[in-house]
Amino acid sequence: MSGRGERDGRAGETEPRPPDEPRAQTGKLRSLSEFARTLQLGWSGLLVLKNSCFPTTMHILEGELDVVSGLLRDPASGGELAQLKIAQRLRLDQPKLDEVTRRIRRGSPNGCVVLLATQASAGGGSGGDGASPAEPGLQRRLLRNLVSYLKQKQAAGVISLPVGGAKGRDGTGMLYAFPPCEFSHQYLQSALRTLGKLEDEHMVIVIVRDTA
């Protein structure tokens, strides 16, 4: 009888199980793409390099959505840009990275945002994002190809913002697209603690608004 009472007592203790949320944040997350989906969406579209485009989603790791919506705007329509073309590279040398760090500090807290870029897939296939049609002549490829290219070049992609927009006044800045490296991993400590490893092909995107 006492044994049954103990069992009942134990059952009573186990009954109020913790809600599913903590489990979803730890046990269920198996990839960086899944981790990204727990963050706020910052931008979704095509990253373009030369004749290739890469469907990408960017989720906010640090900073404000206002920086994204302010700088990633189509100057013609006023809407969100569907494509971002990488036209320059920044070598991952320490002096260059120090310069980026200084820009981030100057822009913080309201003029800088850090995002996690992962492969976009609407249909679960090789990667349309479902919303951004590619320009004629652009070959649609997986984001991992862009990551591999930047890793090989030991460089980050750089985009001047706004794209094709008028310079002057506020509203100008820079976007840096970092492949996995020591610099980018400093922003992924939470993901590393959650997942234990960072195997997915990904990039860390830093957008900094110019300061006067």
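Ground rules, quickly. Residues count from 1 along each chain as its sequence is written, and side-chain values use heavy atoms, leaving out hydrogens and water. The model is predicted, so to speak of local features takes pLDDT of at least 70, side-chain atom pairs count only at pLDDT 80 or more, and totals for chains, interfaces and linings use all residues.

Confidence first. pLDDT is the predictor's confidence in each residue, from 0 to 100. The mean here is 82, and 78% of residues reach 70 or more. One is residues 4-26, with 5 contacts beyond four places in sequence. The other is residues 123-131, with 21 such contacts. Contact means heavy atoms within 4.5 Å. Where pLDDT is low, predicted coordinates should not be read in detail.

Now the cores. A nonpolar core is a set of buried Ala, Val, Leu, Ile, Met, Phe, Trp, Tyr and Cys residues joined through side-chain atoms within 4.5 Å. Buried is under 20% relative accessible area, with a 1.4 Å probe and protein chains only. The largest core has 28 residues. Leu84, Leu146, Leu175, Met203, Ile205 and Ile207 have the most contacts inside it. Among the elements giving two or more residues are strand 1 (41-49), helix 4 (65-71) and strand 9 (203-209). Helix 6 gives the most, 5 residues. Helices (H or I, at least four residues) and strands (E, at least two) are DSSP runs numbered from the N terminus. Take Leu146: beyond its neighbours within four places, it touches Leu47, Leu49, Phe54, Ile86 and Met203.

On to pockets. On a 1 Å grid over the protein atoms alone, a pocket is an open set of points where a 1.4 Å probe fits, with protein on both sides within 12 Å along at least five of seven lines; lining residues have an atom within 4 Å of a point. Volume is the space filled by probe spheres on those points, joined across faces, edges and corners.

The largest pocket holds about 250 Å³. Of its 13 lining residues, Ser33, Thr118, Gln119, Ala120 and Ser121 are closest to the centre. Strand 2 (52-63), strand 5 (112-119) and helix 6 (143-153) each supply at least two lining residues.

The second largest pocket has about 150 Å³. Its lining is Leu92, Gln94, Leu97, Asp98, Thr101, Cys181, Glu182 and Phe183. Helix 5 brings the largest share, 4 residues.

Key
Buried means under 20% relative accessible area, exposed over 50%, partly exposed in between (1.4 Å probe, protein chains only).
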